[in-house]
Amino acid sequence: MRNQKSNKLWLGILGGAVAGIAISLLDKNTRNSVMTGSKSMMTNAKSMAKNPDDIVGSLKEMSSKLRTSIEQISEDVAFISSKVDEMKEVPPQVAGVIKETKEVVVDKHTNKNENEQTSTNKNATSTSIQ
């Protein structure tokens, strides 16, 4: 039962396609366009049949170009990936440099304050002794 419905569907589709083609070919411009396209297709098919080596050569050339493009894209992606990795490493390095700079500045500031306090204490001691 299902098989008959499927067959009727395909027959209906095929009948509609044939009717559509027939109706569209009633127009002279459409007929000319179809004839020109068909002749061109037949000429191309005959030339391909006579010169299969040309087709193989063209396919090899396109394959080579595609392979080269893929290799170039792969190299570009690898380069970008390495730059991204470098960018990921830069912040820790920068943070380390900033931390070292901070420690040096804090040490200098701390030493300066200690020197000032020692100097102040010496002045206070010498003032009180006099």
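**Charged pairs, surface and confidence**

Student: How many salt bridges does the protein have?

Tutor: The model is a predicted one. A salt bridge requires a side-chain nitrogen of Lys or Arg within 4 Å of a carboxyl oxygen of Asp or Glu. By this rule, the count is one.

Student: Which side chains meet in the salt bridge, and where do they lie?

Tutor: Side chains of opposite charge can pair when their charged atoms come close. Here the N to O distance is 3.4 Å, between Glu-61 and Lys-65. These residues are four apart, about one turn of the helix, and both lie in helix H3.

Student: Which helix gives the most to the nonpolar patch?

Tutor: The patch on the surface is formed by Met-48, Ile-55, Leu-59 and Met-62, with about 380 Å² of accessible area together. Leu-59 lies in helix H3. With three residues, the element that gives the most is helix H3.

Student: Which element has the highest mean pLDDT?

Tutor: The protein has three helices and zero strands, and its mean pLDDT is 82. Among its elements, H3 has the lowest mean, 79, while the highest, 91, belongs to helix H2.

Methods. Residues are numbered from 1 along each chain as its sequence is written. This is a predicted model: local features need pLDDT of at least 70, side-chain atom pairs count only at pLDDT 80 or more; totals for chains, interfaces and linings use all residues. Side-chain values use heavy atoms; hydrogens and water are left out. Patches are made of residues with over 30% relative accessible area and no salt bridge: like charges are joined within 9 Å, nonpolar side chains (Val, Leu, Ile, Met, Phe, Trp, Tyr) within 5 Å. Accessible areas come from the Shrake-Rupley method with a 1.4 Å probe; for residues, only the protein chains shown count as cover. Helices (H or I, at least four residues) and strands (E, at least two) are DSSP runs, numbered from the N terminus. pLDDT is the predictor's confidence in each residue, from 0 to 100.
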